[in-house]
Amino acid sequence: MPIRTIRASGTRSTGSTGAPDGAPGETGTPAKARARRAGLRGEGAWGWLFVSPMVLVLGLFMVLPILMALWVSLLHWDGQSNPFSGQADFVGLDNYRALLTQDGLDRTLFATSLRNNAYYVLLTVPLQTGLALGLALIVNQRLLRGRGALRTTFFFPSVTSSIAVSTVFLFLFQGSGAVNSLLSWIGVKGPNWFADPRGVLSLVLGGLGIVDPDRPTGLLAEHSTLGLSWFEWLSGPSVAMCTLILLAVWTTSGTFMLIFLAALQNIPRELEESAAMEGVGRRQMLWHVTLPALRPVLFLVLTLGLISTWQVFDQVYVMGQGAPGNTTLTPAFLSYSAGFDNADFGQGAAIAFILLALILVLTAFQRWALRERGVRTGRNR
């Protein structure tokens, strides 16, 4: 049967490497691999050549100053001499110990600034994120008239100078300012906002009769952390700090609104139409369709808000510099004050690096909390 006959001369035998015997390109394959690797090395060299200006700029103006500041944090330096000439006293980790482990005024002030800033972050980030998302959902409606004017109005506070806005808030929240005048119309006597160091949470608990804000007792007064009693940690933001929180929410929501708006406009319309055809309501649409699509943007907004709120400085500098009673003191302003007011740049740099480590840890935790959680598949039984 000629069809099923296979000539021996037409078969190919393979060696141990699996390559055909006598293949014409047997010696050419390694040559091609070498040429490919040489081409990749050439592309890599050209790539480094093109990015070298930016790498040089980042190295000179970011990496090098960070390393210099890290060295300064290990010194007792007054800023009057060269910290790299040996004239400054090398103290090792003493600046960090004074802030974290040693009893004294330095640790108390640092703990107070951490407490103030923690409340500032816990209230500002959720409020500005929720307000920005709500405004984005409003101005994204297709049938809404004057969407462009509304977007401009909501975004305008974000492009206004923070110093100018802080000055305006000083006049608005004075004892006889416009805010207290409006409150008096409804029978409410407003506080002297920027001179009231009382904690809001302690005022609420005192009003309910749970604790005595003036003389706390029990576990809250007997235990302490970093030199502050538990009552001081849990007393909440001061009335003065609440004005800073309102200022931050009002001035930053516009920027985050634009970020959310761009993400909302990138959601496929077919996805929303198919969900509407299935009878999904607006709340279910928001929870099961819109928010999952906005997860990467939500992480971006929360990360930007977290970093900016832990680095708040200019509003604190203009609106009290920590007053009243250090209830508006923040780590960023404390770092500035330690260096430029007290001539202790080593401690100021140490505060800055502790703040950097705190931001990195919180950002990593936030990334873990907002990560994509895959669906686990198991055996069907």
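Q: Is Leu226 buried or exposed, or something in between?
A: Leu226 counts as partly exposed, at 23% relative accessibility; buried means under 20% relative accessible area, exposed means over 50%, and partly exposed lies in between, with a 1.4 Å probe and protein chains only. This is a predicted model, in which local features need pLDDT of at least 70 and side-chain atom pairs count only at pLDDT 80 or more, whereas totals for chains, interfaces and linings use all residues. Residues are numbered from 1 along each chain as its sequence is written, and side-chain values use heavy atoms, with hydrogens and water left out.

Q: Where does Leu226 sit, and what is its phi?
A: Leu226 is in the loop between strand S3 (224–225) and strand S4 (228–229), and although Leu226 is not a glycine, its phi is positive, at about 55°. Helices (H or I, at least four residues) and strands (E, at least two) are DSSP runs, numbered from the N terminus.

Q: What about Gln321, what is its phi?
A: Gln321, also not a glycine, has a positive phi of about 55°. Gln321 lies in the loop between H14 and H15 and is partly exposed, with 42% relative accessibility.

Q: Which peptide bond is cis?
A: The bond from Ala323 to Pro324 is cis, with omega near 0°, and Pro324 is placed in the loop between H14 and H15.

Q: Switching to aromatics, how many pairs are there?
A: Rings of Phe, Tyr and Trp (its six-membered ring) pair if their centres lie within 6.5 Å, and planes under 30 degrees apart count as stacked, over 60 as edge-to-face and the rest as tilted. By this rule the count is 16 aromatic pairs. One of them is Phe173 with Trp193, which is edge-to-face, at 5.3 Å centre to centre and with 85° between the planes.

Q: Which parts of the chain does that pair link?
A: The pair links distant parts, 20 residues apart: Phe173 is in the loop between helix H5 (162–172) and helix H6 (178–185), and Trp193 is in the loop between H6 and helix H7 (200–207). Phe173 is buried at 7% relative accessibility, and Trp193 is buried at 15%.

Q: And how are the rings of Tyr317 and Phe333 arranged?
A: Tyr317 and Phe333 form a tilted pair, 6.3 Å centre to centre with 55° between the planes. Tyr317 lies in helix H14 (residues 314–318) and Phe333 in helix H15 (residues 331–341), so the pair ties together parts that are 16 residues apart in sequence. Tyr317 is partly exposed at 36% relative accessibility, whereas Phe333 is buried at 4%.

Q: Which residues make up the cluster around them?
A: Ring pairs link Trp77, Phe313, Tyr317, Phe333, Tyr336, Phe340 and Phe345 into a cluster.

Q: What does Thr129 touch?
A: Leaving aside residues up to four places away in sequence, Thr129 touches Phe260, Leu298, Val301 and Leu302, where contact means heavy atoms within 4.5 Å. Thr129 is in helix H3 (residues 105–139) and is buried, at 8% relative accessibility.

Q: Zooming out, how many helices and strands does the chain have?
A: The chain has 16 helices and four strands. Its radius of gyration is 31 Å, well over the 21 Å that the globule rule gives for 381 residues, so the chain is more spread out than a compact globule; the radius is taken over C-alpha atoms, and the rule is 2.2 Å times the number of residues to the power 0.38.
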